[in-house]
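Here is a friendly briefing to read alongside the model. Please have the viewer open as you go through the points.

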Amino acid sequence: MKYWCFFTQSGNKKSIIVTFLSTLLFLTSCSNSQTNQSRNSNPSTKGFEVKFLVGSDLAQFCRQAATQLNQTQPKINNGQNFYLTCEAKGSGDVVEDVLALAKQFQTGNITPEAADFPTLLSVDGEIYQSQLVYQMDKLFPGQNYIPSITDSPLIAYSPMVFMTTKQFAKGLEKSNDLYTTLAKTENHQQLDSSAPPIPITYVHTAPTRSNSGLQTLVAQFTSVANKQPEDLTITDVQKYQQQVKEIQSKITRYGKSTGNLARSMVENGVFWASVGSVYESLVISANSQTGNNQTQYQAVYPQATFSSNIRAILPNAPWVSSAEKEAATKIIEFMRQPKVQQIATNLGLRPGVPGVKLGRKFSPQFGVNPQPKYESYRPPQPEVVEAMLESWQNYAKKASQVAIVVDTSGSMQGTKIAAIKSTLLNYIQNLGEKEKIALISFNSQINPPVLVEGNQAGKNKGIKFISNLKANGKTRLYDSSLYARDWLLKNPRPDAINAVLILTDGEDSGSKINLQQLSQKLQESNFESGENIAFFTVGYGQEGEFNPQALQKIAELNGGYYRKGNPQTISSLMADLQVEF
């Protein structure tokens, strides 16, 4: 039996942008218990595995559909059993994974029978599918290993909308060009006199990793150029990138997951982000989770937007056997049955086949219009998409300034300090030209920041810092957190995303302030205060060695989040964090 495991790629953002998904996937091995988890969770599975690698928006639907399908113990025509497993990633990661495997196949490093190849694919929109077709045809000219969009059955869709509160929706709905409105308007009262003068702050995901972010970037170029996406040229990208930069100036944060970004809007409130580019389904999700006394959210539909068509992609490639192809065809037919499509509507996705009732969630009560009217965009030419991504990374993307606080206390000795050094090296090497970090190491002492810019001289400076890291002393976590915040207040970049990233493996010891005092201080610089300094915390090692509740409180007070890491996962975790800025 074949087993497989995918983890997040290494986060080399620059190579992703310049060559668009042409770098080798960072693969990490996984334990047998992890590998077998999907099968062991359902003992009724029999036969061979059919792997479905999907974008994150289809994840829940795929898993619920797989549970129903596997209970029937499906068979292909010769009587052989099969079962379905689902693995979800960002749409950009799905494409990069498949291209990386295809390159290994091309060079003879893996065989067509390799367990790593998924049988079925799906991305959360047609732009990424178009890019996958384009890149695969570069590797294997004339082979048509990836079917065209029209030959890939529709599973579900969810239009891109602007998520905002009901209070602000009225003003946004008056605008004929929402992206221009975001760029040129300072606060919501300027759009609607009955709204409070809260600043317009905006979020969308990173287009290098997320389908919603890529669709948003294309829609921004489409808006400012006043052209259809398929009519845009590389010259247009160069001509209009300044106007896209003006839109990007309102960004609070990027991110790799649209779902996480929408949840952060609910958790952090309107000062953190008053408008977000998300899927319609996530507005439904937000209103499904809020209570009667909490803010209700509303979808504002642009006059033209991407429908985010989610299709089942069955490669006609050597790594998909005839048995797998037959099983995959049966899976697609199963997923398009009206009864199974009802799973999609229950999750807030619109069905991929006609005649399926939308259900009660597609209503104003859940912030959406059951029958919205909008023009549905088509994908641009792949070469133009590559140019947009390069322009975003090198020109239009909002700059960032991150204070990285590194615990070098005595407990970091051994594999921990070695893994942190390797992780920081990757982080520094992947810095963009517009990014700036301040490296602050601490133990019993807090060392002055080492400033690193995204040029070669700056990166060399950062590498020297890493080389000199040694583990000893206590853990002045609270003092160093405040020190990093104060450094950003004294050295602000008004045109940038300002954030603190803390890496620690221990509880505080030796600080002059306690957690309550630190919390009070940090509230003075959060998004409600107008200073807009976000905090991200990573508890490194085994829980019990550090205080996850304290780290979570530090992060959530300032519009960030807490994550747990260890020597095996820290590189991928940091790569994901780097996408936020």
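This is a predicted model: local features need pLDDT of at least 70, side-chain atom pairs count only at pLDDT 80 or more; totals for chains, interfaces and linings use all residues.

Residues are numbered from 1 along each chain as its sequence is written, and side-chain values use heavy atoms, with hydrogens and water left out. Helices (H or I, at least four residues) and strands (E, at least two) are DSSP runs, numbered from the N terminus.

**The disulfide**

- One disulfide (a pair of cysteine sulfur atoms within 2.5 Å) turns up when the whole structure is searched.
- The bond links C62 and C86, with an S to S distance of 2.1 Å.
- The link of C62 and C86 is left-handed, with -80° about the S-S bond.
- Because C62 sits in helix α4 (residues 59–71) and C86 in strand β2 (residues 82–89), the pair ties together parts that are 24 residues apart in sequence.
- Residues here are called buried under 20% relative accessible area, exposed over 50% and partly exposed in between, using a 1.4 Å probe and protein chains only.
- C62 counts as buried, at 0% relative accessibility, and C86 counts as buried too, at 14%.

- Strand β8 covers residues 275–279, and five of its five residues are buried, so the strand is largely enclosed by the rest of the structure.
- Two strands pair if DSSP finds at least two bridges between them.
- Strand β5 (residues 160–165) runs antiparallel to β8, and four bridges join them.
- Within that pairing, M160 has Y279 of β8 as its bridge partner.
- Strand β6 (residues 202–203) pairs with β8 in the parallel sense, over two bridges.

**Two helix residues to look up**

- S264 belongs to helix α11 (residues 258–268), and at 11% relative accessibility S264 counts as buried.
- Setting aside neighbours within four places in sequence, S264 is in contact with G269 and W272, where contact means heavy atoms within 4.5 Å.
- N346 is found in helix α14 (residues 338–346) and counts as partly exposed, at 48% relative accessibility.
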